[in-house]
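Work through the exercises below with the sequence and the model open. Each task is followed by a solution in steps.

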Amino acid sequence: MSDQPAASWIALKFGGTSVSTRARWDKIAAIARAWRERGKQVLIVVSALSGITDQLKALTEAHADPPRRAIRDAIMARHEAMFAEMQLADRAPLQYWLERLDALVTHARAEAGGLPWQAEVLALGEQLSSTLGVAYLNRLNLAAQWLDAREHLRAQPLPNQNAWGRYLSASVPAAPDPVFARALAARGGLFVTQGFMARSEQGETVILGRGGSDTSASYFGALLKAEKVEIWTDVAGMFSANPRQVPNARLLARLDYEEAQEIATTGAKVLHPRCINPVREARVPLAIRDTNYPDMPGTEIGATVADAAPSVKAISSRGGITLISMESIGMWQQVGFLADVFEHFKRHGLSIDLVGTSETNVTVSLDPTENLVNSDVLSALCADLAKVCRVKVIAPCAAITLVGRGMRSMLHKLSGVLAEFGALRVHLISQSSNNLYLTFVVDEVIAADLVPSLHEMLIRAEAMRVEDVDVFGPSWRDLYKKEQSARAEPWWIARRAELLALAERHTPCYVYDLATLRARVQALRAVNPVDRWFYAIKANAHPTLLKEIAAQNFGLECVSPGELERAAQVAPDATRLFTPNFAPRAEYAAALTSGVPVTLDNLHPLECWGKDFSGHEIFLRLDLGAGRGHHDKVKTGGAQSKFGLALDELDEFRGLAERHGVRIAGLHAHLGSGILDAAHWRDVYVQLASIAEKIGSVRVLNIGGGLGVPARGDEMPLDLAALGTALAEVKSAYPQFELWAEPGRYLVADAGVILAHVTQTKRKGEVRYVGCDAGMNSLIRPALYEAYHEIVNLTRLEIPAMELVQVVGPICESGDVLGSNRRLPQTREGDVLLIAQAGAYGAVMASHYNLREPACEVIL
């Protein structure tokens with residue numbers, strides 16, 4: 001019998017965003033149909049709908065029935081809405097899995113925490129999405145069949161693998177199986193199966209771990225000895241750098257397996273590292289493609305090209321790295337010292353990545369695994385290590401890695417890169433024995449700014465041979481011209497002369513541009529599914545800005561009596577909302593007396609002051625279980641946040657409301673700030689809607705704010721068109737509710753800048769400081785949130801910014817740093833600095849600390 005399968009297979013994997021709408025499934029159908037018309041057998045591997053795996057994980061971690069039921073209801077509602085959107089007729093297949101979810105939640109009290117139960121729960125996301133998908137493909141006459149992945153992917157435990165790993169991070173041996181390939185081809189030509197799961201030797205459901213759907217596609221590709229495995233996602237492929245940081249990053253048109261493995265391992269998130277090995281062992285080519293643009297070129301990954309010239313293919317960065325430095329004179333020539341030390345890491349379940357050694361020191365890096373992040377294991381490890389050596393923990397760090405074949409032969413071209421690191425604090429340097437990568441571990445805070453400049457250096461030094469068209473494709477900017485064009489030139493460039501003249505009269509000074517504000521207001525008003533917008537005035541309460549926003553029919557969301565009073569004075573006709581947190585009783589009573597809608601987010605007001613609310617409508621702010629944002633201090637969801645009513649207290653709140661004659665007229669959720677993913681608000685919308693249906697009295701859903709503004713110039717802006725589409729999908733399923741939203745920073749951040757004069761410059765060793773007359777008393781966000789604000793020398797704007805500096809203020813605090821490791825031209829006393837995106841949470845958070853006057857405010 002031939003070792004080759006009788007049919008030629010193509011394995012297609014589609015991620016969460018690619019399977020979350022009917023329109024995306026239309027694209028999946030077109031891709032599958034094209035392969036079928038070319039005579040190929042097609043196996044489609046799908047992830048769960050976007051966000052569902054996170055919700056299922058939250059369900060497994062919930063410690064009480066009410067939050068588990070609330071999450072279950074939200075998941076059910078999401079899939080019911082998808083069923084309706086696809087206009088499917090037969091509910092029975094979907095109902096089977098929804099009832100399975102309900103049964104698992106019902107029995108959670110006895111089984112919660114058990115690893116088999118967790119695996120069964122987590123697998124439901126893909127079981128649900130594949131069930132919807134196969135039904136829709138059949139509706140389009142594609143004759144698709146549902147395939148249970150667990151019947152063909154059989155996990156085997158690894159040596160020394162613990163129970164958690166066996167159930168929630170399983171591995172599957174996958175060698176080509178021509179008998180299976182022929183048998184499957186005999187059943188049909190198109191199948192839909194699940195990623196992320198397998199079956200154990202004992203017949204139990206097990207999970208492949210995060211990124212498991214990519215790995216599932218590779219396993220199936222290897223078993224079928226497929227002609228190709230295609231990973232369809234929301235980007236065109238692997239790039240020479242993270243295109244969110246470096247828009248000029250080049251598409252990597254061709255890579256060998258080993259290079260792709262290193263790029264994936266060292267920071268590229270488009271492909272999970274575990275998915276490379278199965279196709280490499282089976283010698284099955286793998287491709288990465290963009291579901292939104294199926295005709296766009298992608299990345300092809302295959303066997304080694306023997307005559308390929310040495311070249312850096314990519315520079316990547318991964319944060320959250322922890323270094324453990326161990327020092328002892330006793331390790332010198334001591335047999336077995338490292339074995340004894342590494343035994344401690346093994347016992348605490350920690351995997352070592354990078355290692356640097358000397359005669360008296362060993363430094364290792366640890367990736368941010370769940371075991372390390374979610375427990376006190378690090379403290380326990382250090383206590384054990386302290387018995388044999390001096391221990392120092394260095395964190396948070398980032399590993400910046402150059403990947404490419406022949407790294408050692410290119411060192412002469414990397415002199416500029418090495419010099420760049422010479423001015424920084426480098427904790428560890430690692431060069432692989434396979435000559436594929438060179439890694440520098442630095443403080444995490446500098447990594448994001450460092451990568452774009454290093455990428456440019458590599459191109460200039462010809463270490464990254466972008467002229468090789470077989471390897472390097474178009475840039476991200478060229479591939480996604482439409483998206484990039486959305487980033488307009490900042491207003492302050494055109495008005496530079498006017499700003500410099502203003503600075504001559506007074507600094508520090510906030511300056512606001514009304515034209516930019518108006519443009520943002522109009523952009524949001526074009527998001528049609530939102531019935532009413534409210535501006536969160538805590539972002540910037542300047543009277544002129546409030547008048548401008550209210551004139552565009554925006555309501556005003558307030559969090560204090562002072563804000564309510566300001567809103568009433570400036571825009572008396574505007575609708576006001578009162579959304580306080582831990583406020584005193586009198587504030588609620590005053591707002592109710594004034595007829596202002598009040599939001600509650602705690603049991604206490606109804607428990608202790610219920611009569612005050614009797615006969616009134618209120619809004620209820622819920623904590624949906626997880627926060628979002630760039631920093632812990634801007635995340636407003638989860639147990640560590642003071643905001644929102646916990647879902648497990650919802651039934652008690654409803655009972656109190658009924659007892660006191662209080663009507664719950666609206667539900668509200670705001671989970672964080674700086675969010676650039678449009679899918680976030682869709683998920684919030686669905687969860688609120690599913691809860692609202694059970695309450696009965698709700699007429700308004702407020703999905704909060706947090707609309708992100710790209711902090712760095714290389715980040716992509718929030719796609720408002722995608723936001724509108726996502727919200728419209730949910731609204732079609734829940735038309736009975738009004739939809740409200742309440743942005744703050746999105747409207748005003750880009751409209752404001754700070755002008756400051758340079759006061760002094762200083763050099764301490766290799767560190768250069770530029771001091772200015774604006775400090776943390778004027779702009780506290782960098783110190784408080786580690787927020788990034790672009791800083792330019794407005795006086796010398798046309799001169800290349802080459803000098804690495806720390807921009808600081810005059811406040812007597814070591815935290816008075818406005819920008820770390822910034823590039824400025826050679827700067828002198830009297831130059832004018834401009835600090836961008838200062839229109840939000842700037843002047844409103846200013847103080848007279850050190851008895852210094854904060855920046856004044858000027859309207860253009």
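**Exercise 1.** Find the bridge partner of Leu 701 in β28, and state the sense in which β27 and β28 pair.

*Solution.* Leu 701 has Leu 739 as its bridge partner in β28. Strand β27 (residues 700–702) pairs with β28 in the parallel sense, over 3 bridges. Strands are DSSP runs of E of at least two residues, helices are runs of H or I of at least four, and both are numbered from the N terminus. Two strands pair if DSSP finds at least two bridges between them. Next, take strand β20 (residues 532–536): 2 bridges join it to β28 (residues 738–741), and the two run parallel. Here Trp 533 stands opposite Ala 741.

The model is predicted; local features need pLDDT of at least 70, side-chain atom pairs count only at pLDDT 80 or more, and totals for chains, interfaces and linings use all residues. Residues are numbered from 1 along each chain as its sequence is written, and side-chain values use heavy atoms, with hydrogens and water left out.

**Exercise 2.** Give the strand order of the open sheet that 6 strands form, and say which strands stand at its edges.

*Solution.* The order is β13-β14-β12-β15-β17-β16, with antiparallel pairing. β13 (352–357) and β16 (426–431) stand at the edges; each has a single partner strand, so one side of each is left without a neighbour in the sheet. From one strand to the next the twist averages 30°. (Axes are lines fitted to C-alpha atoms, for helices over the stretch in contact, and angles run from 0 to 180 degrees between N-to-C directions.) The partner of β13 in 4 antiparallel bridges is β14 (residues 361–366), where Thr 363 is the bridge partner of Gly 356.

Helix α16 (residues 447–460) lies across β12, β15 (390–403) and β17 (437–443), at about 125° to β12.

**Exercise 3.** How many aromatic pairs does a search of the whole structure find, and what geometry does the pair of Phe 342 and Phe 345 have?

*Solution.* The search finds 14 aromatic pairs. The pair of Phe 342 and Phe 345 is edge-to-face, at 6.3 Å centre to centre with 85° between the planes. Rings of Phe, Tyr and Trp (its six-membered ring) pair if their centres lie within 6.5 Å; planes under 30 degrees apart count as stacked, over 60 as edge-to-face and the rest as tilted. Both residues lie in helix α12, 3 residues apart, about one turn of the helix.

**Exercise 4.** Which helix gives the most to the lining of the largest cavity?

*Solution.* A cavity is a set of points, on a 1 Å grid over the protein atoms alone, where a 1.4 Å probe fits but cannot get out; lining residues have an atom within 4 Å of a point. Grid points are joined across faces, edges and corners, and a volume is the space filled by probe spheres set on the points. The count is 2 cavities of 30 Å³ or more. About 100 Å³ of space lies in the largest cavity. α3 gives the most to its lining, with 4 residues; α3 (65–85), α27 (679–695) and α28 (720–733) each supply at least two. Among the lining residues are Arg 78, Glu 85, Arg 682 and Glu 729.

Methods. Contact = heavy atoms within 4.5 Å. 1 Å grid on protein atoms, 1.4 Å probe; cavity = no way out; pocket = protein on both sides within 12 Å on 5 of 7 lines; lining within 4 Å.
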